[in-house]
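Visitor: Please put the model up on the screen, and then walk me through a few parts of it in plain words.

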Amino acid sequence: MTQVVAASEERPLSQVARVVDTFVAPSKTFADIRRNASWWLPFLLSILVSILFVSAAGKQIGWETMAHQNIDKNHFAADRINSLPKDQQAIAYQGAAKQTEIVSYGFPLLILLFAAIVSLLWWASLKFGLGAEAKFSQIFAVYMYAALPKMLIYILAAILLYAGVGLDNFDMQNPVGTNLGYYLPTTSPALRAAGSFIDIFGLWALALAVIGTAIVTRKKPSQTAIVVVGWWLVGLMLATAGAAFTA
């Protein structure tokens, strides 16, 4: 890894080369982030993939159907709408469908917000916990590139949607069976939420994040894993608790 990092620092990578190397030679990508913390191409790709997936879901499933699904998962929202007169319930569901569409197309902005929060937690933990000297912008770039494999989930989901596969049991929040939670009973939302973290592409991204933070901070992967995996476990527990509370 040391030889790869040294070579990457001598030969600057283009943004396209960085994206490709994230999948085939990740050490080169993360070493190049020390030179330039640019992350615009992963974000652009997230916008394109998001549009592809959201358009497929809107066309093949329908916004009102997805709004119904989201409301059914949250007993607070379901109780509020069910308490309305029948005519107002229809209006409420139409409003929820429109809101679902707007939020779905605006998802790349939520990605940026989530990336900023997680990167800040990583950076603060690495800096004050391990004494790492990396800049926040570098850690943020590591997150954006490390998350690239998770885009494959939504590309695959869009392909299956347009092929008409799995339309009857489609779940906007867990659209394709790359994780354990997809196969667990719907009667246990908390268990499904926990299982969704055991995802092929998600674990791939987690491993890349450990490697990337190690290279950027010049720390051992075993050290950065404590931070990255630790916050991943916190996210798992919060998601599980949230699903249990709203179910």
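Guide: Let's start with a term: helices are DSSP runs of H or I with at least four residues, strands are runs of E with at least two, and both are numbered from the N terminus. This is a predicted model, where local features need pLDDT of at least 70 and side-chain atom pairs count only at pLDDT 80 or more, while totals for chains, interfaces and linings use all residues. Residues are numbered from 1 along each chain as its sequence is written, and side-chain values use heavy atoms, with hydrogens and water left out.

Visitor: Which helix gives the most to the nonpolar patch?

Guide: Patches take residues with over 30% relative accessible area and no salt bridge, joining like charges within 9 Å and nonpolar side chains (Val, Leu, Ile, Met, Phe, Trp, Tyr) within 5 Å; a salt bridge is a side-chain nitrogen of Lys or Arg within 4 Å of a carboxyl oxygen of Asp or Glu. Here V103, F107, L110, L113, I117, L121 and W231 make up a nonpolar patch on the surface, with about 590 Å² of accessible area together (Shrake-Rupley method, 1.4 Å probe, and for residues only the protein chains shown count as cover). W231 belongs to helix 13, but the top contributor, with five residues, is helix 8.

Visitor: Is W231 buried, partly exposed or exposed, and why?

Guide: Buried means under 20% relative accessible area, exposed means over 50%, and partly exposed is in between (1.4 Å probe, protein chains only). W231 has a relative accessible area of 32%, so its label is partly exposed.

Visitor: What is the angle between the ring planes of W39 and F140?

Guide: Rings of Phe, Tyr and Trp (its six-membered ring) pair if their centres lie within 6.5 Å, with planes under 30 degrees apart called stacked, over 60 edge-to-face and the rest tilted. The structure has 15 aromatic pairs. For W39 and F140, the centres are 5.0 Å apart, and the pair is edge-to-face because the planes are at 70°.

Visitor: How many residues apart in sequence are the parts that W39 and F140 tie together?

Guide: F140 is buried at 8% relative accessibility, whereas W39 is partly exposed at 28%. W39 sits in the loop between helix 3 (26-33) and helix 4, and F140 is in helix 9 (residues 136-146), so the sequence gap that this pair bridges is 101 residues.

Visitor: Where are F53 and Y154?

Guide: These two form another edge-to-face pair, 5.1 Å centre to centre with 65° between the planes. F53 is buried, at 6%, and Y154 is partly exposed, at 28%. The pair links distant parts of the chain, 101 residues apart: F53 is in helix 4, and Y154 is in helix 10 (residues 151-162).

Visitor: Which residues does S50 touch, not counting those up to four places away in sequence?

Guide: S50 is part of helix 4 (residues 40-60), and its 8% relative accessibility makes it buried. Contact means heavy atoms within 4.5 Å. Setting aside residues up to four places away in sequence, S50 touches S104, F107 and P108.

Visitor: What is the phi of R218?

Guide: Most residues other than glycine have a negative phi. R218, in the loop between helix 12 (200-217) and helix 13 (221-246), is exposed at 60% relative accessible area. R218 is not a glycine, yet its phi is positive, at about 60°.
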